[in-house]
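Me: I have a structure open and I am new to it. Could you walk me through how to read its features?

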Amino acid sequence: MIDLSEFENKTILITGAAGTIGSELCRKILEIGPKKLIAIDSSEIGLFNLIKKCNDYDSEKFFLLGDL
């Protein structure tokens with residue numbers, strides 16, 4: 001089990017962020033309160049849906065359409 005409290009006040013990068021696991025990680029990490037979340041995915045509609053889900057959180061967020 002991962003202790004998500006270690007992500008507090010840190011910059012976090014998640015690749016595959018719009019997928020099932022990635023989007024859940026984004027939401028769980030945003031609940032902890034990171035300094036910044038950078039979410040990357042190659043699905044435009046997936047990122048659009050993720051942005052809608054993550055709007056309620058105060059952390060600085062960047063959503064990038066791309067492929068690594």
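Me: Which residues are exposed on the other side of α2?

Reply: A first word of caution: this is a predicted model. On that other side of α2, E44, I45 and K52 are exposed. To count as exposed, a residue needs over 50% relative accessible area.

Me: And which residues of α2 are buried?

Reply: Buried means under 20% relative accessible area. In α2 the buried residues are G46, L47, L50 and C54. They sit on the same side of α2, because they cover an arc of only 95 degrees around the axis.

Me: What covers the buried residues of α2?

Reply: The cover includes α1, β2 and β3 (60–65). Take L50 as a case. Leaving out residues up to four places away in sequence, L50 touches A17, A18, S23, C26, A39 and F63.

Me: Which residues make up the largest nonpolar core?

Reply: There are twelve: I12, I14, A17, C26, I29, L30, L37, A39, L47, L50, C54 and Y57. The elements giving two or more residues to this core are β1 (11–15), α1, β2 (36–41) and α2 (44–54).

Me: What caps the N-terminal end of α2?

Reply: S43 does. One of its side-chain oxygens lies 2.9 Å from the backbone nitrogen of G46.

Me: Now S23. Is S23 buried or exposed?

Reply: S23 counts as buried, because its relative accessibility is 11% and the cut-off for buried is under 20%. S23 lies in helix α1 (residues 20–32).

Me: Which backbone oxygens does the side chain of S23 reach?

Reply: One is the backbone oxygen of G19, at 2.8 Å. Another is that of T20, at 3.3 Å. Beyond residues up to four places away in sequence, S23 touches A17, A18 and L50.

Me: How many salt bridges does the count come to?

Reply: Two. The side chains of R27 and E24 meet in one, at 3.0 Å, N to O. Those of E24 and K28 meet in another, at 3.9 Å, N to O.

Me: Why do residues three or four places apart point the same way in an α-helix?

Reply: An α-helix has 3.6 residues a turn, so such residues point the same way. Now the case here. R27 and E24 both lie in helix α1, three residues apart. E24 and K28 also both lie in α1, four residues apart. Each spacing is about one turn of the helix.

Me: How accessible are E24, R27 and K28?

Reply: E24 is partly exposed, at 30% relative accessibility. R27 is partly exposed at 29%. K28 is partly exposed at 36%.

Key
Residues are numbered from 1 along each chain as its sequence is written. This is a predicted model: local features need pLDDT of at least 70, side-chain atom pairs count only at pLDDT 80 or more; totals for chains, interfaces and linings use all residues. Side-chain values use heavy atoms; hydrogens and water are left out. Buried means under 20% relative accessible area, exposed over 50%, partly exposed in between (1.4 Å probe, protein chains only). A polar contact is a pair of N or O atoms within 3.5 Å; within protein, one must be able to donate a hydrogen and the other to accept it, and residues adjacent in sequence count only if both atoms are side-chain atoms. Contact means heavy atoms within 4.5 Å. A nonpolar core is a set of buried Ala, Val, Leu, Ile, Met, Phe, Trp, Tyr and Cys residues joined through side-chain atoms within 4.5 Å. The arc is that of the directions from the helix axis to the C-beta atoms. A salt bridge is a side-chain nitrogen of Lys or Arg within 4 Å of a carboxyl oxygen of Asp or Glu.
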